[in-house]
Amino acid sequence: MTTTSLERITVEPQSTAKACVIWLHGLGDSGAGFAPIVPALKLPSDHNIRFIFPHAPDRAVTINQGYVMKAWYDIKSMDLHNRADMAGVLESETSIHQLIEEQIHSGIPAEKIILAGFSQGGVVSLFTGLRFPQKLAGIMALSCYLPNADKLPENLNEANKTTSILQNHGEQDEVVLMSAGKMANKLLVEQNYNVEWKTYNMPHSVLPEQIDDISLWIQKQLA
């Protein structure tokens with residue numbers, strides 16, 4: 001399958017980029033939705049992190065009456081066990097692989113690349129990171145779940161068995177219930193992944209306190 005390079009918003013550091021965060025948005029959003037988070041992270045002025053906010057392709061989404069919107073995969077139903085269209089998940093994984101390879105070819109090694117995502121973007125980040133054949137700096141999975149619901153993805157790669165995984169979830173999340181995120185966390189913990197779980201008093205969103213914590217986590221992984 002030929003994959004078209006994803007359109008994206010790129011935020012370069014003031015100095016030469018030596019690390020990269022690839023951040024995937026949620027359903028119906030675009031890269032522009034999370035791009036403003038870069039100044040909110042209040043990183044040191046001499047940081048060398050490139051931020052990439054790709055736009056998901058347009059596709060019809062079943063639970064939204066087939067309405068076409070930016071989506072990393074089709075959501076077929078609200079049932080967690082039959083929610084994610086796996087063909088779409090795999091297609092997005094291929095696109096994210098291509099983005100990572102672009103960064104590696106530009107001189108940034110895989111171990112200096114963080115894969116991050118919110119909601120649907122978090123699903124793809126977690127799925128892709130667990131299967132990626134080179135060690136990444138970190139995997140951030142915000143307000144999301146595993147596409148396979150109650151089991152880890154197939155063809156897991158040992159490369160990221162010890163990679164830091166950050167899972168955040170809102171305690172009032174009515175879009176992706178916290179139990180779905182907790183199910184993913186339980187599976188990761190049972191298999192001894194290096195996963196950190198933290199909840200916040202919020203709905204399906206991010207909030208300033210959480211952004212401060214994320215900033216510290218990013219800086220730690222890319223130190």
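Q: Hi! How many positive and negative side chains does the protein have, and how far apart are the centres of the two sets?
A: In this predicted model, there are 17 positive and 24 negative side chains. The centres of the two sets lie 4 Å apart.

Q: What percentage of the residues count as buried?
A: The figure is 53% of the 223 residues.

Q: Switching to the fold, what secondary structure is there?
A: The protein has 5 helices and 9 strands. Starting at the N terminus, the order is β-β-α-β-β-β-α-β-α-β-β-α-β-α.

Q: How does the radius of gyration sit with a compact globule?
A: It agrees: a compact globule of 223 residues would come out near 17 Å, and the protein has 16 Å. Along the principal axes, the C-alpha atoms fill a box of roughly 45 × 40 × 35 Å.

Q: What share of the contacts with a separation of 6 or more comes from residues 24 or more positions apart?
A: Those residues account for 72% of such contacts.

Q: Now helix H3, is it covered or exposed?
A: Mostly covered, as 12 of its 12 residues are buried. Among them are Gln120, Arg131, Phe127 and Leu130.

Q: Nice, so what covers the buried residues of H3?
A: The cover includes strands E2, E6, E7 and E8, along with helices H2 and H4.

Q: And how far does H3 reach?
A: H3 spans residues 120–131 and reaches 17 Å from its first C-alpha to its last, close to the 16 Å expected.

Terms used. Residues numbered from 1 in each chain as written. Predicted model: local features only at pLDDT ≥ 70, side-chain atom pairs only at ≥ 80, totals over all residues. Heavy atoms only, no water. Helix = DSSP H or I, 4+ residues; strand = E, 2+ residues; numbered from the N terminus. Rg over C-alpha atoms; globule rule 2.2 N^0.38 Å. Buried < 20%, exposed > 50% of the residue type's maximum accessible area, 1.4 Å probe, protein only. Contact = heavy atoms within 4.5 Å. Lys, Arg positive; Asp, Glu negative; His and termini not counted. Charge placed at Lys NZ, Arg CZ, Asp CG, Glu CD. Expected span 1.5 Å × (residues − 1).
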